[in-house]
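I went from the whole chain down to single residues.

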Amino acid sequence: MRPIMVDRVGIRFQVLTVILVVFGFLVLPMWGGAIAADLELDDQSGGLGSTVVFTLSVNNAPNNVSSLGLDIGFDPTVLQYVSADFTGCLLESFTFIDASNPESGVIRTGGFTVGEPLAAASTGCLARISFTVIGNTDHVLPLSSLKDDISGWTTKAGSFAYQEFGLEPASVSICQGGSVEFRVVPEGIGTPPFTWRVDGLVVQTGDARTYTYRATEEGQHTISVEDSTTLSAQTTATVEDEDDSGALDIPAASGQAGMPVIIPVRIQSAPNEVSSLGFDVQFDPSILQFDSADFTGTLLENFEFKQASNPLPGVVRVGGFTVGSPIPSGATGDLVNLTFIVSCQECTSSSLDLEALKDHIATWTTSGSCFLACCRCDGDVNSDSEISPLDALCAFETYLLICPTSCGIPCEDVCCDVSDDGDCSPFDAQCIFLKYLGLPSCLD
Ligand SMILES: [Ca+2]
Ligand SMILES: [Ca+2]
Ligand SMILES: [Ca+2]
């Protein structure tokens, strides 16, 4: 036993040695190269018209510095030099420090001190260099011509990544009645005011970087935005109308977070007699969670056998058969009422589809459902980010068909059913007004 023990210890020692050698020769230099060049320019990104600020910094200075100089290269067709700022940086107390733009595409910065030098082992910022973005090319900003006390130091170049002025989300598909908040990206890009258009018509102007589009008209629509200079972007929103054409159909439905919603599957003018059937309802399990199925009062109520199961996430399978009276040809009515629990944080469209039809309905046409989750009107009728008496007025005008409303919105585009009962009524206007007053309301 004893010699074997010794061998094991010996092997462990050898393995440990190999690990240490590998670590020492391979990993440590990689670390050093990646994070600890002596002189470093950071990486920045921005869109046309935005200001980008690069920071030049020192990592663990190899020696004292009382005099230094270097050049920073850049693409002058992409970046326009604005200024260099030494405030709060290690060179702030130098006797003389400055930056210049001696030739196109070069920033030269240098300085010296007759007082305390920048001490060896110092770490921190040396300068902040600002540019305006005027072009759209990604490129590297090298550090070169290191002079005096920093000559010979290792360097890490900066890089610039262009970000396009754009709109998010890019091309969306939504159910009629839903809404989407479009926003200008990236953050900080563009000069207000912004002009928003839907299909070329101005719908909003102001400093807001977001626009809430309400899907009222079926088809493809162009959402565009431009800033007060020359920047513009556009995207498309496809509004899907509810399809109720199928012999087997799921009607349009909507629900709010955490609430149960009952969604029927129905037959419309049965093409033939049915005594045996099966089908799958497919849905997005991140939005809907299947709870239960109820056959009471439906065409399947008198079938000897009928059942619904949830064999996979996002699938409810329904089947049944009878030896008694079948569903007659030409029949119209619900087959089952499915209860789901809704999960959502913002207005989301999602489809429920009918698949895998079996037996006597196998060849039937189908149409699914455009389901709206968390798309209840929020009471801010004119989308100015606050609820005010004007919102209540516009809801009331919509009920009275005083069109267009005082909000300047056509009645058919007003989102005023805050009670989510499918109808715009004086109750909705009252609810919005109570919410403005801070009193209990249907919007709580
Ligand atoms: Ca439908
Ligand atoms: Ca408002
Ligand atoms: Ca209502």
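## Loops and cis bonds

I began with P169, which sits in the loop between strand 13 (166–168) and strand 14 (172–175). The model is predicted, and I read every entry below with that in mind. The peptide bond that joins E168 and P169 is cis, with omega at about -5°.

P193 belongs to the loop between strand 15 (179–185) and strand 16 (194–198). I noted these bonds because most peptide bonds are trans.

## Positive phi

Most residues other than glycine have a negative phi. I therefore wrote down the exceptions I came across, citing the general rule again: a negative phi is what most non-glycine residues have.

N60 is not a glycine, yet its phi is positive, about 50°. I found N60 in the loop between strand 3 (51–58) and strand 4 (67–73). Is N60 buried or exposed? I counted 10 C-beta neighbours inside 10 Å, and a residue with 12 or fewer is exposed, so N60 counts as exposed.

S145 also has a positive phi, near 50°, and is a residue other than glycine. S145 is part of a strand, namely strand 10 (residues 143–148). How many C-beta neighbours does S145 have inside 10 Å? The count is 13, so S145 counts as partly exposed.

## The whole chain

Next I looked at the chain as a whole. I listed 3 helices and 31 strands in the protein chain. Of its 444 residues, 31% count as buried.

What is the radius of gyration of the protein chain? It is 34 Å, while a compact globule of 444 residues would have one near 22 Å. Along the principal axes, the C-alpha atoms fill a box of roughly 100 × 90 × 45 Å.

I also checked the contacts between residues at least 6 apart in sequence. In the protein chain, 68% of these contacts join residues at least 24 apart.

## Domains

Which domains is the protein chain divided into? I wrote down domain 1 (39–162), domain 2 (166–240), domain 3 (248–373) and domain 4 (389–437). The last entry is a distance: the C-alpha centres of domain 1 and domain 4 lie 57 Å apart.

Note on methods. Residues are numbered from 1 along each chain as its sequence is written. Chains are lettered from A and ligands numbered from 1 in the order in which they are written. This is a predicted model: local features need pLDDT of at least 70, side-chain atom pairs count only at pLDDT 80 or more; totals for chains, interfaces and linings use all residues. Helices (H or I, at least four residues) and strands (E, at least two) are DSSP runs, numbered from the N terminus. The radius of gyration is taken over C-alpha atoms; the globule rule is 2.2 Å times the number of residues to the power 0.38. A residue is buried if 20 or more other C-beta atoms lie within 10 Å of its own, exposed if 12 or fewer, and partly exposed in between; C-beta atoms are placed from the backbone. Two residues are in contact if their C-beta atoms, placed from the backbone, lie within 7 Å. Domain bounds come from an automatic or database domain assignment.
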